[in-house]
Structure formats: C-alpha cells, structure tokens
Amino acid sequence: MYQSQRRAAYEAAIERLLAARLAYPCVCSRHELQAAQASRKPNDELYYPGWCRLGPRASTRLPAIRLRIDPGPTTFIDGIQGPQRFEVAHEVGDFVIRRRDRLHAYQLAAALDDDTQRISHVVRGVDLLSSTPRQMILQRVLGLATPMYAHLPLATDANGVKLSKSKDAAAIDTRRPAQELWRALQFLRQDPPPELRLGGVRTLWEWAIQHWRVQPLHGLQRAKVAEPP
C-alpha cells in the first residue's frame, strides 16, 4: 500500500473532521510560530496556540488543516518503554493533518493506513514515541482501531547522535550479514549470542528466536553498537 495512492481516503477523513468541527483551516506560518516562541530550545517542537480556531486570520494564504485537541491526557502502555502519558493539548496543541501544500501529514496517513491494513502491532524507533498519542487521538475521533505499540531504542554514535542516513552514517554491510546480525543482537541487549566461528546467519537467527527477551530493553532509549568477537 502506497500513501501516494491513498489521497482519496485521507481527504474523506479530513472532510469528516471538518464537518464535525473537529478540524479547521489554519494560515499560520512556521516563521510566525518560531517568532512567538523565541525562548524555545532548538530541539523543542513548535507549540500551536490556536490562533485560527475561530477562523483563518488571513484570507490570502493557502490554509493547512489542523486537528482540534481538547485538554486531557493520552495514556498507553508501550511494549518497550513502559507506561506513557502525554498532554498533547499543552505539549503540541492543535496539530497539522494536511499541510498548506496539500500534502497529508504523517500522523493522519499512519493512523488510517494502519487501520485499513488491520495492523495489530507497531514496532518502530523511540524517536517516534511522541507521534503515538497524536495517532491515538486520530484513531479515537475517526473510530479506528488502536494497535499495540513498542518503541525500540535508537542506535547512536560515541557522542550520542542518532545513526541515520541523514547524518551520513554508514550503511549495513551486506557482505557481512552474520556480523551485522550479531551486532544487532548485542545492541538489543540479548544474552551473548554464539561466537561467529560457531555458525553463520542461520545459527544466529535460530538462537535469536529461541532466546529473545524484551525485558532488557524496557525503558532503554539509546544505546551504542558493539563489535563482534
């Protein structure tokens, strides 16, 4: 399933939300929000104060569509990070579900696509943990099912910076699959896997399936990658 082929489903959901007054057009720019929140830290997410809740402040701009968020906690038990509590109204405010360029936001697309595909468990990086309450709110107002969530720790370099292609991190070496799998098991804090000299990829996979333990990951958000013996 491709998001580029799902525009009709996303638009139908937005029309439902607009008709129910659960969403509204917004013409506020990121620059305006940044100027209003000059004291925020560089990594803080921009908070939206609801300037367009009663109607767009300008008629000449193309609007985004924001979801109206009521005060109150969103709670869930993450399969790895444990109990979670978010106050989306105070931490983020009304968030965008369709951008001004008419591209649909990740939160809306993920909520709808997971439901359409009957996804039961979502396993992803802990950097997306804060997306979960927003998707849960969308699931609730649209009458969608809510999957179980588990957020894995991030792999970081020696300075604690997330390893990713956007930071020019090296790709997985497909010429050394056993070594890469060994490193992944170490990163995920599993019991010491067999030494590579005792077997290859198949041996490691069979060991990993038989010995998998999620408990060592509980609450872990960042970890460094080890080297195999």
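A residue is called buried when its relative accessible area is under 20%, exposed when it is over 50%, and partly exposed in between (1.4 Å probe, protein chains only). The structure is a predicted model, in which local features need pLDDT of at least 70, side-chain atom pairs count only at pLDDT 80 or more, and totals for chains, interfaces and linings use all residues. Residues are numbered from 1 along each chain as its sequence is written, and side-chain values use heavy atoms, with hydrogens and water left out.

Helices (H or I, at least four residues) and strands (E, at least two) are DSSP runs numbered from the N terminus, and two strands pair if DSSP finds at least two bridges between them. An open antiparallel sheet consists of 3 strands in the order E1-E2-E5. Strand E1 (23–26) and strand E5 (96–98) each have a single partner strand, so one side of each is left without a neighbour in the sheet. E1 and strand E2 (residues 64–67) pair over 4 bridges, with alanine 23 opposite leucine 67 in E2.

The whole structure holds 13 salt bridges, each a side-chain nitrogen of Lys or Arg within 4 Å of a carboxyl oxygen of Asp or Glu. In one of them, arginine 61 meets glutamate 32, with the closest N and O atoms 3.1 Å apart. This pair joins the loop between helix H2 (30–36) and E2 to helix H2, 29 residues apart.

Aspartate 101 and arginine 99 form a salt bridge at 2.4 Å between the closest N and O atoms. Aspartate 101 is partly exposed at 44% relative accessibility, and arginine 99 is partly exposed at 41%.
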